[in-house]
Amino acid sequence: MPAPAHLFPLIRNCEIGRICSTVCYCHRKHLCCFSSHFAHGHFRCAPQRKFAALCRPKENFNQFIHARDYASTPQRFYLTPPQVNSILKANEYSFKVPEFDGKNISSVLGFDSNQLPANAPIEDRRSAATCLQTRGMLLGVFDGHAGCACAQAVSERLFYYIAVSLLPHETLLEIENAVESGRALLPILQWHKHPNDYFSKEASKLYFNSLRTYWQELIDLNSGETTDVKEALINAFKRLDNDISLEAQVGDSNSFLNYLVLRVAFSGATACVAHVDGVDLHVANTGDSRAMLGVQEEDGSWSAINLSYDHNAQNEHEVERVKMEHPKSEEKSLVKQDRLLGLLMPFRAFGDVKFKWSIELQKRVVESGPDQLNDNEYTKFIPPNYHTPPYLTAEPEVIHHKLRPQDKFLVLATDGLWETMHRQDVARIVGEYLTGVHHQQPIAVGGYKVTLGQMHGLLTERRARISSVFEDQNAATHLIRHAVGNNEFGTVDHERLSKMLSLPEELARMYRDDITIIVVQFNSHVVGACQNEEL
Amino acid sequence: MFLRLLSDVRWRAANPRWRRMTCSRRSTSSTAEPHPISLPAQAQVVICGGGIVGTSVAYHLSKLGWKDIVLLEQGRLAAGTTRFCAGIVSTARPVSIELKMADYSNKLYQQLEQETGIKTGYMKTGSISLAQTQDRLISLKRIASSLNVMGIPCEIITPKQAAQLHPLINIHDLVGAMYVPGDALVSSADVSLALATAASRNGVQIHERTSVSHVLVQKGRVTGVETDRGQISCQYFVNCAGQWAYELGLSGEEQVSIPVHACEHFYLLTYPLKEPLASSIPTIVDPDGRIYIRSWQGGILSGGFEKNPKPLFTEGRNQLEIQNLQEDWDHFEPLLSALLRRMPGLEALQIMQLVNCPETFTPDMRCIMGESPTVQGYFVLAGMNSAGISYGGGAGKYLAEWMVNGYPSENVWPLDLKRFGTLQSSRTFLRHRVMEVMPLICDLKVPRWDFQTGRQLRTSPLYDRLDAQGARWMEKHGFERVKYFVPPGKDLLDLDQSKTFYKPDWFDIVGSEVKCCKEAVCVIDMSSFTKFEISSTGDQALESLQYLFSNDLDVPVGHVVHTGMLNEKGGYENDCSIARLNKRSFFMISPTDQQVHCWAWLKNRLPSNSSLAMEDVTWKYTALNLIGPRAVDVLSELSYAPITPEHFPSLFCKEMSVGYANGIRVMSITHTGEPGFMLYIPIEYALHVYNEVMNMGQKYGIRNAGYYALRSLRIEKFFAFWGQDLDAFTTPMECGREFQVKLEKGMEFIGQEALLEQKQNGVYKRFTMFILEDHDTDMDLWPWWGEPIFRNGRYVGKTTSSAYSYTLERHVCLGFVQHFDEKTGEELVVTTDFINQGEYEIDIAGQRFQAKAKLYPFSSLFTHRRRKDEMELSGYQRE
C-alpha cells in the first residue's frame with residue numbers, strides 16, 4: 001500500500017523551487033565580455049558557461065535584463081504544437097539493432113538520440129557506432145566548451161582510439177600490413193549517424209596518421225595479454241587527448257589545418273562513453289556529462305542507477321584529487337566559485353591546453369600560431385594562479401556494470417539535461433515511454449481519506465503525463481520535451497515549451513544549455529539468457 | 001469491499017429465513033453440511049444461474065403453474081453481477097419491448113416486499129435524464145412520447161425545474177431534461193432473493209454451490225444437465241448464466257451459440273455528505289456526460305459508460321474471478337470529471353470505493369431471449385447490457401410465457417436468440433463489437449446508425465466493385481449491404497456530423513437513385529437475402545409447404561408466390577417469396593435475418609425423412625435487382641430471349657443465360673412494386689453478369705442504387721417488411737394481404753383457423769399508410785419508427801416504418817391503428833370506416849403533424865404496371 005503522501009504529490013514545492021532556481025541560474029551563464037573580439041566562426045561567442053566571469057557580474061546582469069526586455073516585448077507569439085515538434089525533432093535519430101547482426105544476438109535493442117541546441121552553433125556532439133572487429137557497441141555524448149572544435153574532434157576520433165585499444169594483436173598487425181601494402185583496410189567501426197553529424201574531411205589524413213602511430217605503438221608494445229575493456233577505455237581517452245595536444249604543438253603546414261588543430265586544443269570537451277558487449281556495460285566518463293541506468297523494479301516502478309561520477313566541484317573526491325595533485329600553497333586558488341582555478345566547471349576534459357600546458361609552451365604556440373589565434377584575447381589569456389600545470393586531465397573514470405534483466409535502458413546525456421531534471425524523473429519518464437505507460441502505478445484508494453476533488457486533480461495530472469508520451473516516436477525527444485517544457489507538476493506545459501523554444505538565439509543560452517541525449521534500450525531476454533549462460 | 005460486506009450481511013439476514021423455508025420442505029439432510037439437500041434425479045426445468053434473471057424466470061414459471069423446477073447457482077444466489085448492480089430501475093428505453101419489460105419489472109418489484117415479506121429496498125425516486133444538446137433533447141422527447149402513450153407518467157422539464165428536483169446538479173450547460181417520476185431504486189441482490197423466496201414457496205428447488213458443466217442433448221432435444229454434483233434429467237434447460245452463458249452454451253456436445261461478452265463497468269461509492277443525501281432524491285442520468293448518479297446511504301453512487309470500455313474474459317474461464325477485479329481510477333477519470341462537472345459541490349465528498357463490476361453485452365445492445373435454434377428445450381435469457389435490474393422482471397415473465405405457452409404475450413423478435421447465428425459467435429467479433437456497444441448506451445441514437453465494428457464479415461462478390469464506385473455500407477446479419485452510392489466528386493459529412501434527427505445529408509443522392517429507378521434502370525445488389533432450396537423425391541415437398549405456408553403453392557412450374565409463413569395465431573413468422581422450380585423443388589427467398597429463425601422453424605416442422613431435402617443456398621447465389629422501366633431492355637439484349645410481358649409476365653421465374661453465363665434464375669419481381677427483375681446468379685458468374693449488365697445498361701442510363709432508394713420505393717407503395725412492420729403478432733388480414741392467403745386451397749395450413757376467425761369477426765388492428773401533410777422536409781424532424789399515432793386526438797397505435805417519398809414529395813409512415821373503447825380502453829374491431837373517418841396526427845418527439853390515412857396505395861404510382869390484375873404486393877427486406 002502506498003503512503004498517502006506518495007499518492008498525492010499535488011503540490012510539490014520543491015519542484016516549483018527547482019524551476020525558479022534554474023531560471024535564476026541563468027544569470028551566471030552570462031555572455032562573455034570579450035566575445036566581440038572573436039573574429040572567427042566558432043570562437044565568436046566561445047567562453048560561456050564553463051568559464052566564469054572575468055568581468056563584474058553586476059554589469060552583466062543588467063545587460064542581460066535589458067536584452068530580455070528588448071527581445072521579448074515586441075514578439076509575443078507562441079509556437080504551435082507542430083512547430084514545437086519540428087524544432088524538437090530536427091535532430092532526432094533512432095537506430096534499431098538488427099535482430100541478428102551476423103555475429104551474435106545483441107543485448108542492445110536499439111537507441112534513440114537527439115539534441116537541442118542552445119548555443120549557436122551547438123557545442124554538444126554525439127556518436128554511436130558498432131565495433132566490427134570486436135564485439136560491442138559504443139555510444140557517447142560530448143559537451144564542448146569554448147567552441148565546438150574539441151567536441152567535434154573527440155566525437156570523430158575517440159571511438160577509433162577505443163576500438164584500436166580493444167583490438168587483438170593479430171588484427172592490429174593485419175590492419176597495419178594492409179595500410180603498409182596499400183590494400184583495403186578492414187572496417188573498424190560502423191557509424192550510426194544523424195545526417196547533421198559530420199566528420200571533417202580536411203583533417204582525416206592527419207587524424208588517421210595519429211591513430212596509425214598509436215596502433216603501431218600498440219603492436220610494438222604487444223603485451224600478449226587480452227585487452228581489458230576498462231584499461232582500453234582509459235588508454236584511448238588519454239592517448240587521444242595527448243594526440244590533440246601534440247598536434248597543436250607540432251602544427252601543420254596547411255594553414256587551415258594548423259588553425260584547426262589549435263582550435264581543437266584550445267577549446268575543450270567532456271566525454272561520457274558507454275561500451276556495451278553482452279551483459280558487460282562499461283561507462284567511461286570525463287567531465288560532467290552523466291550516464292544513468294533505468295531499472296524497472298518488480299512492482300513495475302522505475303528507479304535510476306548512476307553509472308558515472310560528475311567531475312566537478314560538487315564531487316568531493318574530485319576536489320580531493322585535484323588538491324592532492326598540487327602543492328598545498330595552491331589549495332585556496334585551485335577551486336574557486338565551484339570552478340577549477342575559478343574558471344572551468346568540469347574538472348576533467350579533453351583539450352583545454354590552457355589548463356595543461358606550461359605558460360611558456362602556451363606563449364610559444366600562440367605567438368607562432370596564425371594571426372587569428374594571436375589576435376584572440378582569450379587564447380592569450382593565462383589563468384590566474386597558474387603555477388603547477390597540468391591542472392586538467394582527460395583520464396576517465398570507468399564503471400563496469402553487469403546488466404541484469406531488470407536493467408531496461410541507459411541514458412547518456414550532457415549536463416543540459418541533468419540541470420533541469422532529476423535522474424529519478426528521467427528514469428520514470430523514459431521507462432513509462434518505452435513501456436507504453438502501462439506500468440504507471442495504479443491508484444488504489446485503500447483505506448485513505450480521499451475526496452472526489454483530490455482524486456480528480458490527481459487523475460488529470462496523470463492523464464496529462466500520458467498524453468504527452470504519444471507525440472514522440474523517440475525516447476530522447478520525449479525526454480527533451482519534458483526537460484524543457486515541464487511545469488511544477490512534472491507534466492509538459494505547452495506554453496512553457498513554446499516560450500523556451502522561441503527564445504532568440506542570443507537569449508536561449510541564458511535559459512538553457514545544449515542538451516544531448518542518447519537512450520539505449522536493452523533486450524531483457526538476451527540479457528537474461530546471457531546471464532544464465534555465465535552462471 | 002464495503003459493498004460486498006454489506007450485501008453479505010444482508011444476505012445472511014435474508015438467508016436463514018429462506019433456508020429454513022427450503023429446509024422445512026425437504027428436511028432430509030442436515031443444514032450443517034455444505035450441500036444440505038441432494039440434487040433431485042429429475043425435473044421438468046433446470047435453470048442455471050441464480051442472479052436476477054434466473055430467479056425471475058423461476059419466479060414466473062412457478063407463477064404460471066410449472067412447479068417441477070430446479071435452479072442451480074455455482075456460487076451463492078445473487079452473488080455475481082446482480083450483487084454489484086447499481087440497482088436503478090429505469091423505464092426510459094428507446095425500444096418498445098424493452099420499455100414494456102422495464103415497466104413490468106418496476107411494478108413487480110414494487111409489490112414484491114408485500115408479497116414475500118423480504119425487504120427489497122424499493123424506493124420510488126424518479127429519474128431525471130439530462131440533455132446537454134438539442135439533439136439529446138429530441139431523443140428524450142421521442143422517449144417521452146412513447147412513455148406517455150403507454151401510460152407511464154413522464155414529462156419534459158426545463159433545467160430550472162430539474163434543479164428544483166435535485167438541488168446538487170449544475171444546470172448551466174443543460175437545454176432540458178426528462179423527468180420520469182415512477183422510476184425506482186432497489187437493492188438488486190435483495191430483489192433477487194425475494195424472487196427466489198417466492199419461487200421456492202411455489203415449489204422451486206434452489207441449489208447453491210452447484211455448477212452446470214454441460215447440457216445433455218439427444219436427437220436435438222434437451223434431456224438433462226451434468227453438474228458437479230451429479231446429473232439431473234430434464235425436459236427444459238434455461239441458460240441464465242449471464243457472462244458465463246457463452247461458455248456454458250459451447251460446453252455441450254451440441255453447441256448453442258449465445259453471443260455475449262463481458263466488459264468491466266465501474267461505479268463509485270462515497271461516504272455520506274455532510275448533510276446526508278435523501279434516499280428519495282431522483283436518480284440523475286446524464287447521457288452526454290456518460291454517467292448516472294443515484295443516492296446511496298446518504299452519499300452517492302455514480303457510474304457510467306465510457307467511450308473506451310475494457311472488455312474482459314475474452315479467453316473465457318473467468319468463473320469466480322469476478323470478485324477480484326481491480327479498481328482502475330485512470331480509466332474512470334473522464335467519468336469522474338463528468339460527475340464533478342454535473343455536481344461541483346461534491347468535490348469535498350470522501351470516496352469509499354470504486355467498484356469494478358463486469359457487465360454482459362450483446363452485439364446489438366438488446367438482450368438475448370428464447371429457444372436455441374439447434375436444441376429444442378434449450379432456453380436462454382442473458383446479455384442484459386447492464387440493465388439486468390430494469391429488464392430482469394419483464395424478461396423473466398416473457399421467457400416463462402414462452403416456455404409454458406409456446407410464445408410470449410408480446411413480440412420479442414428484437415430480443416430473440418435466433419436473430420443471431422453462429423456467425424456472431426466469434427470471440428474476436430464479440431470483443432470488438434461490445435467495445436462499440438457499451439459506449440452506445442450513452443450515445444445519441446439517431447435514425448439509421450450502423451455499427452462500425454465487426455464489419456465486412458459477409459460480403460457479396462461484387463463488394464470491391466461497388467465500393468470503388470462510392471458505395472456506403474450498412475450491415476445486416478453480418479452481411480454488407482449498400483445504403484447508397486456517393487457520386488464522384490461529392491463528399492458527405494463524416495460519421496459524427498452526419499448524425500441527425502432532421503433531413504440527412506444523403507437526401508439528394510437517394511433522390512436521384514429513386515428517380516433513376518422510376519425513369520430508367522438501377523442495379524441493387526441484394527445478395528444478403530436468405531435463400532433455401534426445398535426438394536423431395538415425391539410430392540412431400542409440396543404437401544409440407546402447403547401446410548406451412550398460407551398461400552397456395554400448387555402453382556404451375558415457373559411461378560413465384562408471395563406468402564406468409566404463419567404461426568397458429570395466424571401471425572407472420574416469416575414473409576417470403578417461393579418460386580416453383582419444378583414439380584418437386586422450391587426456391588425460397590426470405591429476409592436476411594431470417595436465416596436462423598426460418599431454418600429452425602422449418603426444420604422443426606418438416607417431416608424428417610430422407611425423401612425431403614432442405615438446403616441453405618444463401619452463399620451460392622448473388623442476387624441483383626434490376627429495377628426500372630428499362631430493365632426489360634437491358635435483360636433482353638443480354639439474353640436474346642423475349643422478355644416482353646407476354647413471354648415473361650410478372651411473378652415468373654425462368655432459368656436463362658445472361659451474357660456468357662448460363663443458369664441464371666431470373667424472376668420478374670423487384671420487392672418494390674416497380675417493374676424489373678431479380679437475377680439469382682451462381683456466385684462465380686456474379687462479376688461477369690454485373691459487368692455485362694452495367695455495360696449493356698449504359699445506353700439505358702443504368703446506375704447503381706442502394707437500399708435507401710429501395711426503402712423509399714417500397715414504403716411509398718405501402719409494402720410491409722417482415723421484422724419491421726410485420727411480426728409474429730401480425731396476420732395477413734391485419735395488413736390487407738388477404739389475397740396472399742388461400743383459405744380454400746383444399747388443405748389445412750398453420751394459422752388457418754385463426755385467419756378464418758379473423759375473417760369472420762374482423763381485425764383488432766389495421767396496417768395503415770399515413771402521408772404527412774404539414775411536415776416540412778427541410779425544417780422539421782423526420783419520422784423514424786415508433787411514433788405514436790393519434791386519431792381525433794386519441795392514441796390509436798404506433799408507426800412501424802417511414803420514408804420520404806420522392807414521388808409524392810411527402811413523408812410516408814406505415815403503422816398499425818387500433819381501436820380502444822373510449823371508456824373502458826378495451827380493444828375493438830377496426831373497420832375500414834373507422835380508419836377512413838378519422839383525423840390523424842403523428843407525434844414526432846412531442847410535435848404532432850397532420851397525416852392522411854390510406855388503406856390502399858396510390859394507384860397513380862403504379863404507372864408502369866404490367867398487368868392490372870397481377871399487382872405485385874410484397875416486399876420483405878427490413879432495414
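**Interface, sheet and salt bridges**

Between them, chain A and chain B bury about 1500 Å², with 62% of it on carbon and sulfur atoms; buried area here is the accessible area (1.4 Å probe) that two parts lose on being put together, summed over both. Before I continue, please note that this is a predicted model, in which local features need pLDDT of at least 70 and side-chain atom pairs count only at pLDDT 80 or more, while totals for chains, interfaces and linings use all residues. Residues are numbered from 1 along each chain as its sequence is written, chains are lettered from A and ligands numbered from 1 in the order in which they are written, and side-chain values use heavy atoms, with hydrogens and water left out.

Chain B holds an open sheet of six strands with mixed pairing, in the order E32-E33-E34-E31-E25-E35. Strands (E, at least two residues) and helices (H or I, at least four) are DSSP runs, numbered from the N terminus, and two strands pair if DSSP finds at least two bridges between them. At the edges are strand E32 (653-658) and strand E35 (703-704) of chain B, each pairing on one side only.

Strand E34 (residues 676-682) of chain B is largely enclosed by the rest of the structure, because seven of its seven residues are buried; buried means under 20% relative accessible area, exposed over 50%, and partly exposed in between (1.4 Å probe, protein chains only). B:Gly676, B:Met678, B:Tyr680 and B:Pro682 point one way from E34(B), and B:Phe677, B:Leu679 and B:Ile681 the other way. Strand E31 (residues 621-627) of chain B pairs with E34(B) in the antiparallel sense over seven bridges, and B:Asn625 has B:Met678 as its bridge partner there. Strand E33 (residues 661-667) of chain B also runs antiparallel to E34(B), joined by three bridges, with B:Met667 opposite B:Met678.

Finally, the salt bridges. Over all chains, the whole structure contains 52 of them. A:Glu395 and A:Lys238 meet in one at 3.7 Å, N to O. This pair links distant parts of the chain, 157 residues apart, with A:Lys238 in helix H8 (residues 229-250) of chain A.

A:Glu318 and A:Arg348 form another, at 2.8 Å, N to O, and both residues are buried. A:Glu318, A:Arg321, A:Glu325 and A:Arg348 are linked in a network of salt bridges.

In chain B, B:Asp288 and B:Arg136 form a salt bridge whose closest N and O atoms are 2.9 Å apart. B:Asp288 is partly exposed, with a relative accessible area of 27%, whereas B:Arg136 is buried, at 7%.

Conventions
Salt bridge = Lys/Arg side-chain N within 4 Å of Asp/Glu carboxyl O.
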